[in-house]
Amino acid sequence: MSEQEIAERIAKFPGADVEVLRKGQIAVKVPAEKGHDAAAYLKKMGFAHLVAVEYVDWIKENEFELVYNLFSYKMKMRAFLKVRIPRDKPEYITFMDLWPIAMTHEREAHEMMGIVFRKNPNLTPFILEDWKNLPPMRKDFDSRKYVKDKYDSIPFAEGGEQ
Amino acid sequence: MVDDEKIVSEDMGVQVEKNENMEMRSFGTVKRWATKRSLWMVHYCTGCGGIELAPLMTSRYDMERFGMHPMVTPRQSDVLLITGYVNIKTLKRIIRTYEQMPDPKYVIAFGSCPINGGPYWDSYATINHLDKYIPIDLYIAGCMPRPQSIVRAFEDLMDMIQDGTADGYMRYKKYYEPYKANQEKIFRKWW
Amino acid sequence: MKEVDLFFGPQHPGITGNFSVRVKIDGDTVVKAQAIPGFLHRGFEKLMEMRHWMQGPPLICRICVPDADHSETGYSMAVERLAGIEVPERGKYIRALTLEMSRLSAYLFYFAGYGGSIGLYTIAQWAIGDRDYLLDLYEELTGARVYHIFNFPGGPRWDTPEGFEDRVDKVMDYLEKRLKEYDKLYFNNMVFLKRSQDVAVMKKSYAEKMEVTGPNARATGWAIDVRKDDPYAAYPDLDFELITQDEGDSYARVMQRRLEFQQSIDLVRQITKKLRSMPRGNVRLIPNALHWKIPRGEAYAAVESSKGELGYYVVSDGGISPYRMQVRGPSISHGVQVYEEMIVGQRLADVAALMFSLDVCPPDIDR
Amino acid sequence: MIAEILVLIFMPVFVSFMGLLFMGIQRKITARVQNRIGPPFYQQFIDVMKLFSKRENIGHNWVFDIGPIFAIVGMLTTMLFIPMGGFRLLSMDGDLIVVMYLLVISGLGMALGAGASGNPNAGIGVMRGLTLMMAYEMPFVISVLAVMVYYHTTSLAEIVGMQSGMWALIILPLSALVADMALQAQFGKKPFDQPIAPAEVATGPIVEYGGKYLGMLMVAHSIGMFVEAGLFIDIFLGGGLLFHQPGIIWQVFNFLFWVLLVFALYTLAVLVNAIMPRYRIDQAFVFYWKWPTIIAIIGLAYALGVSVW
């Protein structure tokens, strides 16, 4: 099946905005409230594997984008299911019921971007430890400034030049 | 480098340092020779440099020729090798490991990351200067240093032990307060 | 019976790299496990937003230390897809050569790691020692032993040196000869069989459910491979069949690597044969690195690393650096959730052995 | 009397010295198997010297402190009862049984000290050690019983004396085979080094011991090597007695031959160690209670049959 045919099949889902990116890659944009249904639809269609959950901070639009990176081993095709959630209220529903492995990906997104996934039981600290600042992958977190303030301000213990 | 005048002139940690120096003197050359010929290092890959330790330990470069081999627990080890960048989560464990090691103990920082941050100089997760938090006896530059340069570093450390200039553990006792203060600035809660 | 909390790592010889597992054991059996990653976190994804497109490979190769070429190639491919450039034919073959050699050296590391975790240190010494021959080849080709920084967006940095293909073939012959000795010492060792057969069995359905990829998935009988499913570099032109095992236990996982090791040797031979017959010179296609702007859009590129699917999702807003780059490390599935679930019910002695047998690579979980 | 006291003082020093030397040589042999050059043969002395020069900056409790002393004293006491190439320090009727008991003392002392450290790895290591002891004692005791039955005595000195014609190894090969299998575990070599498995329990009982304690344990281990190998030699290899004429010069030769036999036994164990992974503890237990025990029982039956007939 070609990209175009698959795109047409996906477009049957109400509210889906389908775009063929390149060979073997299709982007599907859906409104946030329909995300879970769209994911279930895609899974039924054959995109049965969740490769990763990507998260992008579109600070100008004041939105977070969640990209569910799906793959179908039968069609050899990738679909990027994209939903956008408001930056002020970063909350979404977990996809653990469809793909159990989403738990780990969502745990990471929670820590790195501060997105809360409802019904995910395991949103505990994952990679960072005692992190009290803004989630580090947000665009308004300035890593260089943080380094300057936190690490570079510390004096050498035995004296000497900075 | 610690010489006798300095000991008398400085207040902080005078007693500790004096005892250390007395001991080094009383055991003399034999002790230093034994220490330098049997450096056991902590089996801890703190960063990506751990991958070059594997060829170093195995048949091609075989560091057991110099009496060095990895030791499982810090209680039995003499050398702590910081292999590469130091994440703040790891730094806590490094300090714990370092404090568990019995004296005399030595630290070798490996690669350019512990020196000044290396390619991760602007990363929020790694520290830039390791010697702000624990005393370092020797640095190996490069990313990553080849096994030959690690062997060379160990040879230099052996010379330093023979001279008595590998005094990081004494400095840690002497400057314990500022070291501790620096560590506490990094970690919000200590364990 | 009293349950004991045990920390495996981060300072523990039974751990790959810098990683920690907290296990609760009842007698000799694990009843609960919690993987604690993050000791190697450097914030690559943030750092990349502050670098130019071309400054990527020197940083990104550090994602998976034993298998650095796959990291840089994955990123380069994602950027190429975004920018719409195609690597010259010879460049593709050189890329595939470095990838296969990287797989060979990673598998040697794997043999050494699993051997060490069950106590056979001789194989650890042998395998790491033999891996150094591959590193020597890398040194000749790229100038570095571990981080080669060789595969850039647009193709490899330069052509192979004169006579390099012959030297590669020589090392392949040597490795093939050594593999027979490994068979005697290791893969047919009575105690090794006892330690690995029927231990920590992964069913095919479980692997599919938990998105396990790479050799671990193929060891359960699930024939997936990014090299076949989403071909890249020179793989569409190369002749190879996927190898699968059915048992899905630790033994199958080790044997899967052992068989793929042989296959990689064959692939390298195919590549060197092809490289000899090709005109030299044209390997790389590269725009001005400092002001290279890439059109808006997003792309995903995956490579089959020695641990599974290693993918890069790159978003560009038309600027000189990536707007967002995210890594899908292969170990994120089999290193955290799968490991935590599979270790329950196993013996304490297999905590380390299972981690090595799944080939968990902590830096690609942490990034 | 004076000679005996001299031997009493000389023996422990000599045995620890030779033990460390042998361990150094074995490190070299292992290194050669692994395609390496390996450390110098005197490396073990440097290690022990360094360990004794380390400072202890961590205290646990007094039970922890006496653990290594217990281990070293236990080994030395056992050594007193074992004829060593013609040198007999304390021997009496039934000393074979005493030795079997005393062999455990050292391990128990170790267990006591390690257990007091409070480290769960040490606790698990001790548990594994005791389980393993239970596993290998079974076939070992049965095969020793076969020797006792065959020679109608429980005195080591008499067993050694009765083998002047032919070694028990040749008369009772099955029992000797089983005892050598048990020796592998007594030496703590792979595939039976579960108690100190680094990748599993981080060297188990010795996880908290460093510096001087570890130095003491290394000395205890080198004495233990002679005790365990010595017992095997006394029972199955005629006590290493090559010459049966009286006279000090022959006695020295006998002693040297005994030392050589210890070296050979240890080398055998080390070579097996170099090419074997380790069993899990449950597999080790099953291993010992299956074939070695069966072979040992057959050996016992054979010994009974031969001696009755």
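Predicted model: local features only at pLDDT ≥ 70, side-chain atom pairs only at ≥ 80, totals over all residues.
Within chain C, helix α4 (residues 89-117) comes within 8 Å of helix α5 (residues 121-142) and within 9 Å of helix α11 (residues 250-277), as judged by their axes.

**Helix α4 of chain C against α5**

- The axes of α4(C) and α5(C) cross at roughly 165°, and because an angle over 145 degrees counts as roughly antiparallel, the two helices are described in that way.
- The crossing of α4(C) past α5(C) is left-handed.
- From α4(C) the contacting residues include C:Met101, C:Leu104, C:Leu108, C:Phe109 and C:Ala112, while those from α5(C) include C:Ala124, C:Ile128, C:Arg131, C:Leu135 and C:Tyr138.
- By class, this contact has 15 nonpolar, three polar and two charged residues.

**Helix α4 of chain C against α11**

- The axes of α4(C) and α11(C) cross at roughly 155°, which again makes the pair roughly antiparallel, and this crossing too is left-handed.
- Among the contributors from α4(C) are C:Tyr93, C:Leu97, C:Glu100, C:Tyr107 and C:Tyr114, and they are joined by residues of α11(C) including C:Val254, C:Arg257, C:Phe261, C:Leu267 and C:Ile271.
- The residues of this contact divide into 14 nonpolar, one polar and five charged.
- C:Met101 and C:Leu104 of α4(C) take part in the contact with α5(C) and are also listed in the contact with α11(C).

**Helix α11 of chain D**

- Helix α11 of chain D (residues 248-274) has 27 residues, which at 1.5 Å a residue should span 39 Å, and the 39 Å between its end C-alpha atoms agrees with that expectation.
- Its buried residues include D:Phe257, D:Trp258, D:Leu261, D:Val262, D:Leu265 and D:Tyr266, and D:Asn254 and D:Asn273 are also among them.
- As background to reading such a list, an α-helix has 3.6 residues a turn, so residues three or four places apart point the same way.

**Backbone features in loops**

- Most residues other than glycine have a negative phi, and most peptide bonds are trans.
- The peptide bond from B:Cys143 to B:Met144 is cis, with omega near -20°, and B:Met144 belongs to the loop between β5 (138-140) and α6 (147-163) of chain B.
- In chain D, a cis peptide bond with omega of about 5° joins D:Lys190 and D:Pro191, and D:Pro191 sits in the loop between α8 (173-186) and α9 (198-201).
- A:Lys76, a residue other than glycine, has a positive phi near 55°; A:Lys76 lies in the loop between β4 (63-72) and β5 (77-86) of chain A and counts as partly exposed, with 13 C-beta neighbours inside 10 Å.
- C:Asp198 likewise has a positive phi, of about 65°, although it is not a glycine; C:Asp198 is placed in the loop between α7 (190-196) and α8 (204-209) of chain C and is exposed, with 11 other C-beta atoms within 10 Å.

**A residue in helix α2 of chain A**

- A:Asp37 lies in helix α2 (residues 35-45) of chain A and is partly exposed, with 13 C-beta neighbours inside 10 Å.
- Although A:Asp37 and A:Pro100 are 63 residues apart along the chain, their C-alpha atoms are separated by 16 Å.

Terms used:
Residues numbered from 1 in each chain as written. Chains lettered and ligands numbered in written order. Axes fitted to C-alpha atoms, helices over the stretch in contact; angles between N-to-C directions. Helix = DSSP H or I, 4+ residues; strand = E, 2+ residues; numbered from the N terminus. Parallel < 35°, antiparallel > 145°, perpendicular 65-115°, else oblique. Left-handed = near helix turned anticlockwise from the far one by under 90°. Contact = placed C-beta atoms within 7 Å. Nonpolar A, V, L, I, M, F, W, Y, C, P; charged D, E, K, R; others polar. Expected span 1.5 Å × (residues − 1). Buried ≥ 20, exposed ≤ 12 C-beta atoms within 10 Å, placed from the backbone.
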